[in-house]
Amino acid sequence: MSLEGQVAVVTGGARGIGRAIALRCAREGADVALMDVNADLLAQTTQELRALGHRAEGWTVDVTKSAEVDAAVANVLDKLGRIDILVNNAGITRDGLLIRMEESQWERVLAINLTGAFLCTRAVAKRMLKQRRGRIVNIASVVGIMGNPGQANYAASKAGLIGMTKTVARELARRGVTCNAVAPGFINTEMTAALPEAARQRLLEAIPMGTLGEAQDVAEAVLFLVSDAARYITGHVLVVDGGLAM
């Protein structure tokens, strides 16, 4: 699953799952471009990537703003020469029960999680179509498949992302561009680490494998989908959840 000579763009790549994906791609030989809103963490992760011996660049980008996305993509092409892989990972949560959810909570989650992925995909797909080759992976969630109380906005954004994945896959397939999604379950992150012990225990009981996943588990799934090993797979949703959604 070598990515030697390829360029990968990872949004939300400064920390967590995005960082794990970026590092995994770099270890397989890819040059990596990161987009994130956190400038300090962005600089730190970019240095980690360079320490692996590959080219790496980072840009502070708000993925909800098309001008910033288009400018960043132009910068990637200028600095790194091509774009072979796009991983739409940038995302947030603003949880709350539906009847108490503010419109601003709904709109912000949809803007980053779904509109951001659309803007990045649109900008990068133009280049991939010209190359007649490309790999797009959207980081969805099992919540977009099965729902979750208190996350109507997040679930809607991730379900929308799955629908967009399948449509993009159909539109781009004849030009050698694949588009797939990875749907993580509950992963060891800052968010799950902050759960009260009782809530964490209930969560573990709902997962057949009895443990939370790691960011690396998601990164390995992404690596497969962007590699030549998955050349004949498109429009697929790969669930990485320890059996939670089955």
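Student: Is Glu220 buried, partly exposed or exposed?
Tutor: In this predicted model, Glu220 counts as partly exposed, because its relative accessibility is 32%.

Student: And which residue does Glu220 form a salt bridge with?
Tutor: Its partner is Arg24, and the closest N and O atoms of the two residues are 2.8 Å apart.

Student: Is Arg24 buried or exposed?
Tutor: Arg24 is buried, since its relative accessible area is 15%, and the cut-off for buried is under 20%.

Student: What else does the Arg24 side chain meet in a salt bridge?
Tutor: The side chain of Arg24 also meets that of Glu28, at 3.0 Å from N to O, and Glu28 counts as partly exposed at 23% relative accessibility.

Student: How many salt bridges turn up in the whole structure?
Tutor: A search of the whole structure finds eight, including one between the side chains of Arg133 and Asp228, at 2.8 Å from N to O. That pair links distant parts of the chain, with Arg133 in the loop between α4 and β5 (134-139) and Asp228 in the loop between α9 and β7 (237-240), 95 residues apart.

Student: Which residues are joined into one network by shared partners?
Tutor: Arg24, Glu28 and Glu220 are joined in that way by their salt bridges.

Student: Switching topic, which residues form a nonpolar patch on the surface?
Tutor: Leu97, Leu98 and Ile99 do, with about 370 Å² of accessible area together. Ile99 is found in the loop between β4 (85-88) and α4 (103-131), and it counts as exposed because its relative accessibility is 79%.

Conventions: Residues numbered from 1 in each chain as written. Predicted model: local features only at pLDDT ≥ 70, side-chain atom pairs only at ≥ 80, totals over all residues. Heavy atoms only, no water. Patch = residues over 30% accessible without salt bridge, like charges linked within 9 Å, V, L, I, M, F, W, Y side chains within 5 Å. Areas by Shrake-Rupley, 256 points an atom, 1.4 Å probe, with all protein chains shown as cover. Salt bridge = Lys/Arg side-chain N within 4 Å of Asp/Glu carboxyl O. Helix = DSSP H or I, 4+ residues; strand = E, 2+ residues; numbered from the N terminus. Buried < 20%, exposed > 50% of the residue type's maximum accessible area, 1.4 Å probe, protein only.
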